[in-house]
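Thanks for coming. I'll take a few minutes on one structure, starting with the overall fold and ending at the ligand.

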Amino acid sequence: MSEYQQTFVIERKEDGSSVNVNLFGGTVTSWKCCGEEMLFLSKNALFDNKKGIRGGIPIVFPHFGPWPIGPQHGFARIQMWEVEQLPSVDVSGNVVAIIALVDNAETRKIWDFKFKLRMTLTLLKCCFSMDLHVTNTGDAEFNFTTLIHTYFRLPDVTKSRVLGLTGCKYFDKTTGQDIQSETREQLSVDRNIDNIYANVPDELTLTGGPAGRTIKITKKGFPDTVVWNPWVDGAQKMADFGDDEYPLMLCVEVGHVVKKVSLAPAQEFHASQTLQIQCPE
Ligand SMILES: O=P(O)(O)OC[C@H]1O[C@H](O)[C@H](O)[C@@H](O)[C@@H]1O
């Protein structure tokens, strides 16, 4: 692939599914299922190859949140990734592409470790999987946190519900409080929410999702889940997010963020997220 081709599309023409990938940040910027867009991308998102793309699915690595030695949420979302495998059809008829990020002079200046991130993107009918492999390619052990920062596109966030978090302990970033147990069976959102749930079951459900559909979120190897909506004030503070866009999105982000992952030389960490849409037949 020429260095000028920064984006590519994974497509299943037979059922109107597609995924758009921007190699800046290895960011998925669109996922269409039966012709309907599933992901929120802000109308004010910047594509300046400097700031992380506001929407789609940015990748957080090697640090979730504010980072004393580097940019918030780490550098993976603002680095240029490479294509390891262009979209091709596998034996099961799935369309698979692989992108990768390897340490370079810029990343080592911030965080002096050698690593390889490999993200396998698999598109099936009404289903999209992301498989993350992190390999320590150096000779020193390192620690990291990581997260798949999915922005779902919603018709009205107040009508959506997140199911599967009941009983989980969480940190409410908006108040700075640790809450011992989520009591709600169905989490609804009518204000700024920024909750970091620990040890979440591997199956979550988002109702009232994109185009009103229900999405099953299945994760493996990611113990935690963040639920975020900036609401009115948060939206106004972000230059790359429209003031009126907060009702149209919800981030449900699966990750390994509460505890760090330690990776010894030559070791590999693997985790995945699968998004399955319940489509009308
Ligand atoms: O503005 P960003 O750096 O993209 O972060 C956007 C949001 O990401 C996560 O969901 C965090 O939990 C939030 O605290 C943060 O505001």
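The radius of gyration I am about to quote is taken over C-alpha atoms, and the globule rule it is compared with is 2.2 Å times the number of residues to the power 0.38. Keep in mind that this is a predicted model. For 281 residues, that rule puts a compact globule near 19 Å; the protein chain has 18 Å, so the two agree. Along its principal axes, the C-alpha trace spans about 45 × 45 × 35 Å. Of the 281 residues, 40% count as buried. If we take contacts between residues at least 6 apart in sequence, 65% of them join residues at least 24 apart.

Now the secondary structure. The protein chain has two helices and 21 strands. Nine strands make up an open sheet, and its order is β6-β7-β8-β9-β21-β18-β17-β12-β15, with antiparallel pairing. At the edges sit β6 (82-89) and β15 (186-187), each of which pairs on one side only.

Which residue in β8 is the bridge partner of A97? That is L121.

Last, the ligand. Around the ligand are G52, Q72, H73, K173, D194, V226, W228, C251 and E253. Two elements, β19 (224-229) and β20 (249-263), each give two or more residues to this shell. By class, the shell divides into three nonpolar, three polar and three charged residues.

That's the tour; I'll stop there.

Methods: Residues numbered from 1 in each chain as written. Predicted model: local features only at pLDDT ≥ 70, side-chain atom pairs only at ≥ 80, totals over all residues. Near = placed C-beta within 6 Å. Helix = DSSP H or I, 4+ residues; strand = E, 2+ residues; numbered from the N terminus. Nonpolar A, V, L, I, M, F, W, Y, C, P; charged D, E, K, R; others polar. Pairing = 2+ DSSP bridges. Buried ≥ 20, exposed ≤ 12 C-beta atoms within 10 Å, placed from the backbone. Contact = placed C-beta atoms within 7 Å.
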